[in-house]
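Work through the exercises below with the sequence and the structure side by side, and try each task before reading its solution.

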Amino acid sequence: MTGRSANFLRHVAQTSDAPISIEVDRVEGSYIYDKEGKEYLDLIAGISVANLGHANPKVQKAITDQLENYSHVMVYGEFILEPQVDLATRLAQLLPDKLDTTYFVNSGSEAVEGALKLAKRYTGRAEIISFNNAYHGSTHGALSIMGNDFYKSAFTPLLPDTRIIEFNSKNDLKEITEKTAAVIIEPVQGEAGVRIADNEFLDALRAKCDATKTLLIFDDIQAGMGRTGKLFTFEHYDIIPDIITLAKAFGGGLPLGAFISSNKIMSCLQKDPPLGHITTFGGNPLSCAAGLAFVNELLDTAIMDGVAGKAQLFEDNLNHPAIKEIRNKGLLMAVEFDSFEFNKKVIDECIANGVIVDWFLFADSSLRISPPLNISDEDITKACEILSNAIENIN
Ligand SMILES: Cc1ncc(COP(=O)(O)O)c(C=O)c1O
């Protein structure tokens, strides 16, 4: 163990007993290189962040150009900062009219906190409904609506007036009433191990929210920004949410989150009280410059069009009787095995052989594949070979 590894374990707060502990030296595209020069093909992209690969040249240039000009100047919302205004304007051009106003924050959890506050403030109601196996972040509000007791029960009491219902259950929609401020849903649930909302279910959810004047929030933090082959997950469906949350890949590798709604809804953060939601660093100029370069690059290239084909290539190359199921929406993929123990051994063997994979928080027998969206076909074939060999060796 090097001195730095020991210091990592001793002085950087740990969240588990077994961190992956690769000491990063440099990155390029789909690859991470450690201090010994070993290369790792990154099949998880920093948990769905590096959607254009690591150190994308266009994004890097936008960051360095902005850095040479200015970074933090003033708390969020007071000064006119070009990268922030330009990114909000670009999003407004890409989104329907009812989603034309962006509030920038620093992370996914913060985006969710902002969205929940906005819904409570706008509707004057308190109740928030979320779904079984939902993951919306680790802060108190986001944790309160997590659809998994194991990870939240040690932190109670949490927010009152929260309720968890069954994903894809039209029957459970009866729980949504005139008391409900918002329903928050990941149309493609990530940490549940890639569970996809049915079209019909989302139609019924939208109708119920309309009938009860409840705001519908789509959490696109993990599945948005091209991961499913579309910039926003609602584009796979026929409905439009009232609020969208973004983060992860949105900042092009820098910390950036957002909650997005209509100007009318958003304006209630302006008065009674004013400054209804404030942040020092939200919408930092560096992060917004990176985010704008990321969004532009994603849209200026055919990368999103290639997502379905690349997902298919993974599926075609992963055939083993130990694989129970492969679930995916684009390049958010879950490869399901019999048990966590088996999955963990496969993951360890893959990492030892230079392919980084992981499991899902609420689906620990499923192996996570969420690579850069521009991963090459050769790298997919190579990764599948290493993964298949790992499965075979352990089986
Ligand atoms: C769907 C979803 N929402 C919210 C979050 C929280 O984002 P962050 O970790 O940036 O706070 C995550 C993170 O994994 C997520 O997947």
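**Exercise 1.** Which side chain meets that of Arg 368 in a salt bridge?

*Solution.* The model is a predicted one, and the search begins from the side chain of Arg 368, whose partner in the salt bridge is the side chain of Glu 191, at 2.8 Å from N to O. This distance can be held against the cut-off, which asks for a side-chain nitrogen of Lys or Arg within 4 Å of a carboxyl oxygen of Asp or Glu.

**Exercise 2.** Describe the side of domain 1 that touches domain 2, by element and by residue class.

*Solution.* Begin with the elements that give two or more residues to this side, which are helix 2 (45–48), strand 13 (325–329), strand 14 (332–336), strand 16 (358–360) and strand 17 (363–369). Strand 14 supplies the largest share, 4 residues. Sorting by class then gives 20 nonpolar, 5 polar and 4 charged residues.

**Exercise 3.** State how much area is buried between domain 1 and domain 2, and which residues of domain 1 lose the most.

*Solution.* First take the contacts, in which 29 residues of domain 1 meet 33 residues of domain 2. The area buried between the two domains is about 2600 Å², with 64% of it from carbon and sulfur atoms. On the side of domain 1, Met 304, Lys 329 and Phe 362 lose the most area to domain 2, and together they account for 32% of what that side buries.

Methods:
Residues are numbered from 1 along each chain as its sequence is written. This is a predicted model: local features need pLDDT of at least 70, side-chain atom pairs count only at pLDDT 80 or more; totals for chains, interfaces and linings use all residues. Side-chain values use heavy atoms; hydrogens and water are left out. Contact means heavy atoms within 4.5 Å. Buried area is the accessible area (1.4 Å probe) that two parts lose on being put together, summed over both. Ala, Val, Leu, Ile, Met, Phe, Trp, Tyr, Cys and Pro count as nonpolar, Asp, Glu, Lys and Arg as charged, and the others, Gly among them, as polar.
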